[in-house]
Amino acid sequence: MDFDLADEQSLFKDAIDKLVQKEYGFEQRRRYAAEPEGWSRRVWSQLAEQGFLALPFDEAHGGLGYGPVELMLVNEALGRGLLLEPYLSTVVIAGGALRAGASDEQLALWVPQIAAGELLVSLAYLEKQSRYNLADVATRAELRDGEYRLSGTKIAVLHGDSADRLLVAARTAGARTDEEGISLFMVDADSAGLRRRGYRTQDGLRAADLILSDVAVPAANLVGRIGGGHALLQRASDYAIAALASEAVGCMQAALEMSVDYLKQRQQFGAPISRFQALQHHAADMLVEVEQARSMAMLAALVVDDVDEAERRKTLSAVKVQIGKSGRIVGQLAVQLHGGIGVTEEYAVGHYFKRLTMIESQFGDGEHHLTKIAAAGGFVSVTP
Amino acid sequence: MDFALTEEQSMLRDSLRRYVEKEYAFEARRQLIEQAGGFRRAHWNAYAEMGWLGIGLPEASGGFGGDLSDSAILLEEFGRGLVVEPYAASHIQASRLLLHSGDARAAELIEALIAGSTLYAVAHNEPGARGRSLWVETRAAATGGGSRISGTKTQVLAAPSADRFLVSARSEQGLSLFLIDRDTPGMSLREYRLVDGSQAADLSFDQLLLPESALLGAAGKADSAIDLAISAATIACCAEMVGAMEQALWITRDYLRTRKQFGVAIGSFQALQHRMADMYIALEQARSMLYRGLAYAEDGDAIRRRGAVSASKAQVGRSAQYIAAQAVQLHGGIGLTNEYCIGHYFKRLLVLEAAYGSSAYHVGVVAQQLRDAA
Amino acid sequence: MNFQPDPADQAFREEVRAFLREQLPVDVAARNRRGFHPSKEDELWWTQLLYRRGWSAPHWPVEYGGTGWSPQRRFIFEEECFLAGAPPTCAAGFSLLGPVLYTYGSDDQKARFLEPTRRGEIFWGQLFSEPNAGSDLASLKTTAVRDGDHYVVNGQKTWTTEGHYADWLFCLVRTDSSSKPQRGISFLIIDAKSPGVTIRPIVSIDDAHTLNETFLDNVRVPVANRIGEENAGWSYAKLLLEHERAFSAEVPRNKRLLSQLKHIAALALDGGARLIDDPLFSSRIAEAEIELRALEWLTLRALADMDHGADAGRPVGSVLKVRGSELIQKIGALIVEALGPYGLIAYPELDFETLPGPEAAAGKTADFLYRRAVTIYGGSNEIQRNIIAKGFLGL
């Protein structure tokens, strides 16, 4: 084990940190949010130019072939900057599902487009009844005249309003909550019969609900084995949890630093409020949480490609629980320490709090994952 | 609503406080636990003489009227002074079982109980119960006029000192209560001390033959008496906990004012001040839920009563855990010794938190009621 | 960064396990896993056994009999021993005195004490805290006055863990009261049998005797028993407090408690079912497991820093201490809760079998009670938060 950055990793981290620092000041972020798509195409191009969009994909398909540790470094930086761009949706989640299931031909076709920043893909898997159950898919796909016809509704598709393509989970067989019988289809966003309603989420990012009415999809756009989509959704979820963990660490670290600075600068009763021991201890507790969360983000990077599926899943559940809990404590304390301005839109700390709150529920909240860990028997062996 | 004590109640409280401060002063209490095994019959007799065993019981049976709120005044004082004799578990519970038993002898039995001449231990709790008020696996089988009972009762408080046991057992007809004299042959007691110094025993019965007269009330009809008795005892336990946690809070406050580190009283450290403020908030929450629980503790609507009792025990238990832990923490090293009082508050509250179901159990009861109502 | 574990470390773990399987008798292991305080006999016997394998002082430098293991391997060793139920070795001697002695002691002192300590022939007791100098250790009052080639020591020390086992004591004393409190403190070693040394038990909250207070009444200590310079003892003691910070989360203890919690929850009856099958209770166990994993990884990171001799750049010892100690208490409370009625019985250390309840119940609540100490000793958690806030965050 080695917790220090290798030279190449340092270069990498410096590059993404520099990009975020230069392009993602709080005022800049507000401007990006006001752009038509709610984020910045220019920043997206820069991420593409510097290779960050190609990061996790195999070199054979036009990617850079980096591993989970590098992805961790990038996501942490994105968290610090509270980036609005569709990195999580396109590169991590949809990219993850594609890496797990798409054919070499498909990857060779799509990865270069994603890497160039020309193709945005969003995974459309959630439905209004499904909550955190990836297998709960009511949307149907039927094979007719050599092409698939998809009908159903999807909700909370991350960056689904700007996506060029949607990777849609639809049922080709089985009952509504069967794991077997789900298939993934790459659907053009401008397909006839596809309606999208985009909206801003609480954290300032974008999402969309979809209605698919007999949308035609060429058979060649089936991703992975027919009926075998559940496994791909799970891999996408694995990657998402690992990425959210490091993004959350970035948010938490920034919120901590911001709070510490604020305590030192804000005067009350004729002295900086950092003099007050009770506030000092709140800040100390935040640091403790950040360190716990960071450890878990690292653990996520270790296990996200672990071939032992049970161990991987259980560990990622643990990561998600800790991240959610730490994020809640850090986000809430950061707002509390800032007092009144902590709850205003004009001040960054509230935005970290909002993003951390969203992260807590994405891809399963604490309760969901706790139950999964308990059902799997936990980690420590049982002895008298 | 009136949350203030009446003049009579204030007088009661004052005399209780005087008695407890004298009889359960640190050294006296230590001797009571180490030498008298955690129970002194002389104390119990004194309670009877002072009239404290008649509080909250009907005048018709020799009691002094009033209700559980009056008993709560006593129990708060007992909690404050870390009285180890189990007033709630023995007296409150036994008196309710007798009162609600429907047995023709009840009035007479209650009279002896109030006089202190019969000390009851209630043998109802079983290992799997964990707060479930009607969880009884002990079996009773009718046999030629009498009954045979078999089973195990756990943590029967005051058992080593009791004159009589009130034992619950289940037959085909349902739950029944039996009165068993301590010298009944064939009964076995495994005595022990709890971590707070109070005395208890496990009782086991193997085909123990009981005469017909041992049955209290009608066979198979004891559910409601048991449930009412446990509700009352649970709230009584809450009152005791509130008294104990309040006292722990003030002891801690005094310690913070006098203990010096780095040249100043440690009470001047803001982090510790805030901790005490949080303890105080927890105490007020607990006290409020105690009062709410008292309002419902003897409610005839079983669902409403159970919901309210569980909500009270859950909050009081949570507050107690926090206050007890922080009281020890703020004392530092001295909080860890048996030679100083605060650790004893921690242990007493640990035992009371578990009694009649932990706060986690009671949160579960409230959650179940929510589900049932949904 | 590369988080893949080192296969050689895994092989080392197997080696330690095999050793424990062969050498640790079942009854000793059972006794030590129970939660009562270890006996002097067990501790010294085990030290002697480890000594024969060359493992009794793993963290000491090789020239003084250490093993030369990396911090990671020391952690593995400690974890495996603890999980298996091996008795501890004398913490005061190995973790506190040893490092001071080999760093600041004279050749003669080293020769006299290091080897016998490592052999399990000397049990040490630590005399730092005083009734009015706990977290504020620098305000200690015990005095040592020169009288020829002796110091005459007077004062009262407290919280001497296992002091009644001690053959020798090491003590912070004031040798100069005219300067700043931190100056003027010296570090002495004292024969526990010296006239004027009285060690009195303090019965702790678990009804047990492991703590003591020590009265020093005109105790004559040869000047030759002073370690290092006169009036420089504070900096030596300070070094100790810094030492071993990567170990301060007590991951092995947390892990053992968790494994026991799961065992107990599987035995415990909850109505007609097993407690562990209650989804709410098992979720609470899972929560503790997650915290433990995070703590374990934080420890691995700290060990790696230690391995590099690098300053972690963050107050890792304090973070580990705060979270590790809180987790011990949290798991302990879950154990008491899981035991239900048997969590309240005051089991005696001997003959606990005669009382009701599962064998696993004995010693657990006593341990839970005693572990109220973990958030207090070694710099209370409030002090740790001060260190994080002031020392690191700059508040």
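Here is a short chat about a predicted model with chains A, B and C.

Student: Let's start with chain A. How many helices and strands does chain A have?

Tutor: There are eleven helices and ten strands in chain A. Buried residues account for 56% of its 384 residues.

Student: What box do the C-alpha atoms of chain A fill?

Tutor: Along the principal axes, the C-alpha atoms of chain A take up a box of roughly 80 × 60 × 40 Å. The radius of gyration of chain A is 21 Å, which agrees with the value near 21 Å that a compact globule of 384 residues would have.

Student: And the contacts in chain A between residues at least 6 apart in sequence: what share join residues at least 24 apart?

Tutor: That share is 74%.

Student: Okay, on to the cores. Which residues touch the most other members of the largest nonpolar core?

Tutor: Those are A:Phe185 and A:Ala300, in a core of 320 residues. Helix α7 of chain A, residues 229–265, gives this core its largest share, 20 residues.

Student: What is A:Phe185 in contact with, leaving aside its neighbours within four places in sequence?

Tutor: Its partners are A:Ala141, A:Tyr148, A:Leu150, A:Val168, A:Ala170, A:Val217, A:Asn221, A:Leu222 and A:Val223. There is also a second, separate core of 43 residues, with C:Trp60, C:Cys90, C:Ala144 and C:Tyr151 among its members.

Student: Nice. Now helix α11 of chain A: which of its residues are buried?

Tutor: In that helix, residues 366–375, the buried ones are A:Gly366, A:His369, A:Leu370, A:Lys372, A:Ile373 and A:Ala374.

Student: What covers the buried residues of α11(A)?

Tutor: The cover includes α9 of chain A, residues 309–338, together with α9 of chain C. Just after α11(A) comes A:Gly377, with a positive phi of about 85°.

Student: What about chain B and chain C: how many residues are in contact?

Tutor: There, 35 residues of chain B are in contact with 31 residues of chain C. Strands β3 (146–157) and β6 (187–193) of chain B are among the elements that each supply at least two residues to this side, and so are helices including α8 (270–296) and α9 (302–331). The most comes from α10(B), with five residues. The chain B side divides into 14 nonpolar, 14 polar and seven charged residues.

Student: Last topic: what domains is chain B divided into?

Tutor: Chain B has domain 1 (7–114), domain 2 (120–216) and domain 3 (223–373). The C-alpha centres of domain 2 and domain 3 of chain B are 29 Å apart. Their contact takes 13 residues from domain 2 of chain B and 14 residues from domain 3 of chain B.

Student: Which strand gives the most to the domain 2 side of that contact?

Tutor: Strand β5 of chain B, residues 174–181, does, with three residues. The domain 2 side is made up of five nonpolar, six polar and two charged residues.

How values were computed:
Residues are numbered from 1 along each chain as its sequence is written. Chains are lettered from A and ligands numbered from 1 in the order in which they are written. This is a predicted model: local features need pLDDT of at least 70, side-chain atom pairs count only at pLDDT 80 or more; totals for chains, interfaces and linings use all residues. Two residues are in contact if their C-beta atoms, placed from the backbone, lie within 7 Å. Helices (H or I, at least four residues) and strands (E, at least two) are DSSP runs, numbered from the N terminus. Ala, Val, Leu, Ile, Met, Phe, Trp, Tyr, Cys and Pro count as nonpolar, Asp, Glu, Lys and Arg as charged, and the others, Gly among them, as polar. A residue is buried if 20 or more other C-beta atoms lie within 10 Å of its own, exposed if 12 or fewer, and partly exposed in between; C-beta atoms are placed from the backbone. The radius of gyration is taken over C-alpha atoms; the globule rule is 2.2 Å times the number of residues to the power 0.38. Domain bounds come from an automatic or database domain assignment. A nonpolar core is a set of buried Ala, Val, Leu, Ile, Met, Phe, Trp, Tyr and Cys residues joined through C-beta atoms within 7 Å.
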